[in-house]
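Here are a few exercises to work through with the model open. Try each one yourself before reading the solution.

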Amino acid sequence: ELILAIETSCDETAASVIKNGVEIVSNVVSSQIESHKRFGGVVPEVASRHHVEQMTLVLEEALSQAGLEPSDLTAVAVTEGPGLVGALLIGVNAAKAFAFAHGLPLVPVHHIAGHIYANRLLTEMKFPLLTLIVSGGHTELVYMKEHGSYEVIGETRDDAAGEAYDKVARTLNMPYPGGPHIDRLAQEGEPVIDLPRSWLEPGSYDFSFSGLKSAVINTVHNATQRGETIKPEDLAASFQASVVEVLVEKTFRAAGEYNVKQVLLAGGVAANKGLRAGLEQRFSGSRFDLIIPPLSLCTDNAAMIGAAASIEYQKGKRATMALNGVPGLDLEAQ
Ligand code: ATP
Ligand code: FE
Ligand code: MG
């Protein structure tokens, strides 16, 4: 089974060929970060334009790196949603055209299922399992009792973790995307500034980061007014300590309550050194098998879409030529 997968939900144009759902044959990602930097965030119109320019090149590159012809393929998979509608549509239309031209089945994939299934490219998934998804648009704890079944047991009520990182970074005058900059700075500082932890109601697996973000902004503002200086590295370390503590504790608690075998990490914020170290420390010596993917599989890519697509393909899921991009696609309905 050889699946050609396409991903264009946000600011990465990506195509990949995946063999039997587990093996990366080729994996091409064209990032637009440089074009969005001067706007301090992803501009949807700019993203769509880039996808149009890059899509064919990236697709051809994925096939040529794999040394394959379209006739060698089993199916074409594409991210249906969630994401920016104009961005999703470029990938969906490319996939439809390719599938139609070569008489291949078309498999729609949920972007977050893709982030989870990035882990399948590393190791066998053992059920029941729990995934902590932390990305630019999502912060969720997802329970899976088997392949292709998703139960969201907790999610953010306001900002996503990555969004909070990017907003705090902007307050500290760092370039977009700010997450990696805060992470680097945090390694040089000490978490000496008292910032809130948003645990929410006892037993809740939901998250909230907007209060923490406001607390950081207020801390900077108050210090400026008093003419005091705060070390940016200490502020970064304190912010990161608050984010990591809540993410790690809720994940560990959920793993116990749901009695899972495996705990997976997914999404772009999984690149965070503090989070990786925090999870490793909390889970070491526990009965849970913690899997942390390499950075290249944490950020948006099409290999993860191909890995998730293989499961959907085997289940018989197919899209027609009427497939559309769905910005708010529901994970639990998959
Ligand atoms: P979604 O998957 O929810 O649609 P997205 O695809 O835009 O969102 P990703 O590409 O998975 O999100 O991740 C991007 C986010 O990860 C950005 O917010 C970025 O700041 C954040 N990020 C990347 N590296 C780090 C890091 N080392 N520490 C913290 N955040 C990081
Ligand atoms: Fe993503
Ligand atoms: Mg992205």
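**Exercise 1.** In which loop is the place of A160, and is A160 buried or exposed?

*Solution.* This is a predicted model, where local features need pLDDT of at least 70, side-chain atom pairs count only at pLDDT 80 or more, and totals for chains, interfaces and linings use all residues. Residues are numbered from 1 along each chain as its sequence is written, with chains lettered from A and ligands numbered from 1 in the order written.

Start with the loop: A160 sits between β8 (151–155) and α5 (161–171). Helices (H or I, at least four residues) and strands (E, at least two) are DSSP runs, numbered from the N terminus.

Next, count neighbours. A160 has 23 other C-beta atoms within 10 Å, so it is buried (20 or more is buried, 12 or fewer exposed, in between partly exposed, with C-beta atoms placed from the backbone).

**Exercise 2.** Which residues is A160 in contact with, leaving aside its neighbours within four places in sequence?

*Solution.* Look for C-beta atoms, placed from the backbone, within 7 Å. You get S135, G136, G137, H138 and T139. Take G137: it is 23 residues from A160 in sequence, yet their C-alpha atoms are 5.4 Å apart.

**Exercise 3.** How do the axes of helix α2 (residues 44–66) and helix α3 (residues 85–102) cross?

*Solution.* The axes, lines fitted to C-alpha atoms over the stretch in contact, with angles from 0 to 180 degrees between N-to-C directions, come within 8 Å and cross at roughly 20°. That makes α2 roughly parallel to α3 (under 35 degrees; over 145 is roughly antiparallel, 65 to 115 roughly perpendicular, the rest oblique).

Key: Two residues are in contact if their C-beta atoms, placed from the backbone, lie within 7 Å.
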